[in-house]
Amino acid sequence: MAALASWLDARAHGGRWIVRLEDVDTPRCVPGADHLILRQLAACGLVSDEPVVWQSQRGVLYQQALDRLIASGQAYPCGCSRKDIEAALQAQGLQRERHHAAVYPGTCRPENGGLQGKSPRAWRFAVPPEPALVNWTDLRLGPKTQNVATEVGDFILKRADGLWAYQLAVVVDDAAQGISHVVRGEDLADNTPRQILLQQALGLPTPRYRHTPLVLGMNGEKLSKQNGAQALDLADPVSTLNRAAARLSLPAAAGGVADVLQRWTASWPHGD
Ligand SMILES: [Zn+2]
């Protein structure tokens with residue numbers, strides 16, 4: 001559905017629509033799932049205007065960005081295990097939790113003594129004291145605000161297992177691809193303030209954001225990339241498109257794939 005929303009948004013604004021496969025989390029990605037997704041999108045008439053980008057092949061770009069953050073003192077190595085972080089939080093009498101992940105207490109920050117003999121495991125972003133609140137206006141959700149320092153803490157850029165964090169990869173790619181408008185699922189809205197801070201730290205522009213409603217499965221759970229992909233019906237793309245359109249409050253449309261897409265492009269808001 002985010003695919004349809006972003007495609008319509010690009011068409012309604014005379015823009016280009018670009019597919020990027022966010023497969024940095026390589027162990028979790030099912031082999032072949034990326035090609036299935038592309039086939040499903042194509043069956044629905046949604047074809048990237050530029051060559052498809054695979055994040056798993058762009059490690060060099062992410063490393064360059066990390067190197068710049070390290071050079072400017074905005075990234076530092078962390079040697080903490082999950083247990084270390086829990087112990088540090090307990091020692092401080094804090095039990096800050098967010099999405100089942102502890103807010104990192106800043107143990108390995110250079111001003112707190114750095115690694116202190118631990119070996120580096122991951123790289124973290126040093127969340128700056130200013131701006132204390134990151135404010136942004138989502139094109140669907142309206143004005144939003146987050147105190148990244150207290151609600152998220154110094155977040156990971158490169159994981160202990162060597163994989164790139166989504167936040168860094170997305171920010172680097174959005175800038176490299178000249179993305180003006182990001183249209184994606186609502187579950188990712190909470191990531192936006194972190195990405196804005198990274199854009200500012202790297203001197204990159206901040207795109208406009210529109211977060212769309214999520215598609216829920218029969219059991220009310222969010223469809224993941226893997227099971228959501230399989231749930232789509234390739235044989236009847238117009239029905240698939242109509243289900244996504246209904247969640248986007250677009251009217252039902254009949255005809256071929258091109259007809260329904262044209263109809264919804266005309267009724268998509270052209271402002272912003
Ligand atoms: Zn640490």
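1. Which strands does α3 lie across, and at about what angle does α3 run to β3? Helix α3 lies across β3, β6 and β9, and runs at about 95° to β3. Helices (H or I, at least four residues) and strands (E, at least two) are DSSP runs, numbered from the N terminus. Angles run from 0 to 180 degrees between N-to-C directions, with axes as lines fitted to C-alpha atoms, for helices over the stretch in contact.

2. Basis. The model is predicted: local features need pLDDT of at least 70, side-chain atom pairs count only at pLDDT 80 or more, and totals for chains, interfaces and linings use all residues. Residue numbers start from 1 along each chain as its sequence is written.

3. The sheet. Three strands form an open sheet in the order β3-β6-β9, with antiparallel pairing (two strands pair if DSSP finds at least two bridges between them). β3 (75–78) and β9 (156–158) are the edge strands, each pairing on one side only. Twist averages 40° from one strand to the next.

4. β6 and β9. Strand β6 (residues 122–125) runs antiparallel to β9, joined by two bridges. Arginine 124 has isoleucine 156 in β9 as its bridge partner.

5. The helix pair. α3 (residues 59–71) packs with α6 (residues 166–176) at about 105°, axes 10 Å apart. The two helices are therefore roughly perpendicular (65 to 115 degrees).

6. Their contact. Leu61, Tyr62, Ala65 and Leu66 of α3 meet Leu168, Ala169, Val172 and Ala176 of α6 (contact: C-beta atoms, placed from the backbone, within 7 Å). By class, this contact has eight nonpolar, no polar and no charged residues. Ala, Val, Leu, Ile, Met, Phe, Trp, Tyr, Cys and Pro count as nonpolar, Asp, Glu, Lys and Arg as charged, and the others, Gly among them, as polar.

Conventions: Angles under 35 degrees count as roughly parallel, over 145 as roughly antiparallel, 65 to 115 as roughly perpendicular and the rest as oblique. Two residues are in contact if their C-beta atoms, placed from the backbone, lie within 7 Å.
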